[in-house]
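Work through these exercises with the sequence and the 3D view side by side. Try each task before reading its solution.

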Amino acid sequence: QVQLVESGGGLVQAGGSLRLSCAASGRTFWPYYMSWFRQAPGKAREFAAAIRWSTGSTYYADSVKGRFTISRENDKDTVTLQMNSLKVEDTAVYYCAAGREYYVEGRYNDATTYVYWGQGTQVTVSS
């Protein structure tokens with residue numbers, strides 16, 4: 001079993017920055033994808049960013065491209081999401097997800113391909 005624990009959410013003004021972290025523990029598997037999804041009130045969960053652990057390749061939703069950066073800390077099984085130039089519409093609960101590479105490959109933006117999820121962390125951007 002894999003446990004994912006997010007941290008780093010909070011309240012920030014528009015234009016500000018936040019950094020989210022997700023630490024994986026337990027019986028981690030290799031290789032895998034780790035990704036961030038987000039869900040705003042009354043809306044469906046949507047893809048934000050993903051990283052393919054074996055190669056370090058990164059993928060972003062158009063809505064966050066150029067503002068968010070996903071990165072990994074190999075020795076800590078930790079993925080971070082650096083969020084800059086935050087907008088009010090970035091307000092959501094952010095979830096970390098992990099899934100086996102062979103299964104997620106080509107479908108990294110599809111939440112149903114991920115088996116493991118964190119509990120979520122709230123990000124609120126005020127105007």
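## Exercise 1: A strand with several neighbours

β9 and strand β11 (residues 121-126) are antiparallel partners, paired over 3 bridges. The model is a predicted one.

**Task.** Find a residue in β11 that stands opposite V93. Then trace how β9 pairs with β10 and β4.

**Solution.** 
Step 1. Start with β11. Here Q122 stands opposite V93.
Step 2. Move to strand β10, residues 116-117. It pairs with β9 in the antiparallel sense over 2 bridges. In this pairing, W117 is the bridge partner of A97.
Step 3. Turn to strand β4, residues 32-39. It runs antiparallel to β9, and 8 bridges join the two. F37 has Y95 of β9 as its bridge partner.

**Solution.** 
Step 1. Apply the cut-off: buried means under 20% relative accessible area. C96 has 0%, so C96 is buried.
Step 2. Now take the whole strand. Of the 9 residues of β9, 7 are buried, so the strand is largely enclosed by the rest of the structure.
Step 3. Check a distance. The C-alpha atoms of C96 and F37 are 6.5 Å apart, although 59 residues separate them along the chain.

## Exercise 2: An open sheet

**Task.** What is the strand order in the open sheet of 4 strands? Which strands are at its edges?

**Solution.** 
Step 1. The order is β1-β3-β8-β7, and the pairing is antiparallel.
Step 2. An edge strand pairs on one side only. That picks out β1 (2-7) and β7 (68-73).
Step 3. From one strand to the next, the twist averages 15 degrees.
Step 4. Walk across the sheet. β1 and β3 pair over 6 bridges in the antiparallel sense. S7 has S21 of β3 as its bridge partner.
Step 5. Next, β3 (residues 18-26) is joined to β8 (residues 78-83) by 6 bridges, again antiparallel. A23 is partnered by T78 in β8.
Step 6. Finish with β7 and β8, antiparallel and joined by 6 bridges. The bridge partner of I70 is L81 in β8.

**Task.** Which residues of β1 form its covered face?

**Solution.** 
Step 1. Recall the rule: in a regular strand the side chains alternate between the two faces of the sheet.
Step 2. Sort the residues of β1. V2, L4 and E6 make the covered face. Q3, V5 and S7 make the uncovered one.

## Exercise 3: A cavity

**Task.** How many cavities of 30 Å³ or more does the structure hold? What lines the largest cavity?

**Solution.** 
Step 1. The structure holds 1 cavity of 30 Å³ or more.
Step 2. The largest cavity has about 40 Å³ of space.
Step 3. Its lining consists of V2, L4, A24, T28, F29, Y32 and A98.
Step 4. Sort the lining by type: 6 residues are nonpolar, 1 is polar and none is charged.

## Exercise 4: Positive phi

**Task.** Where do S85 and D77 lie?

**Solution.** 
Step 1. Recall the background: most residues other than glycine have a negative phi.
Step 2. S85 is not a glycine, yet has a positive phi of about 50 degrees. S85 lies in the loop between β8 and β9.
Step 3. S85 has a relative accessible area of 41%, so it counts as partly exposed.
Step 4. D77 also has a positive phi of about 50 degrees. D77 is in the turn of the hairpin formed by β7 and β8, which has 4 residues between the strands.

Definitions and conventions
Residues numbered from 1 in each chain as written. Predicted model: local features only at pLDDT ≥ 70, side-chain atom pairs only at ≥ 80, totals over all residues. Heavy atoms only, no water. Pairing = 2+ DSSP bridges. Axes fitted to C-alpha atoms, helices over the stretch in contact; angles between N-to-C directions. 1 Å grid on protein atoms, 1.4 Å probe; cavity = no way out; pocket = protein on both sides within 12 Å on 5 of 7 lines; lining within 4 Å. Points joined across faces, edges and corners; volume = space filled by probe spheres on them. Nonpolar A, V, L, I, M, F, W, Y, C, P; charged D, E, K, R; others polar. Buried < 20%, exposed > 50% of the residue type's maximum accessible area, 1.4 Å probe, protein only.
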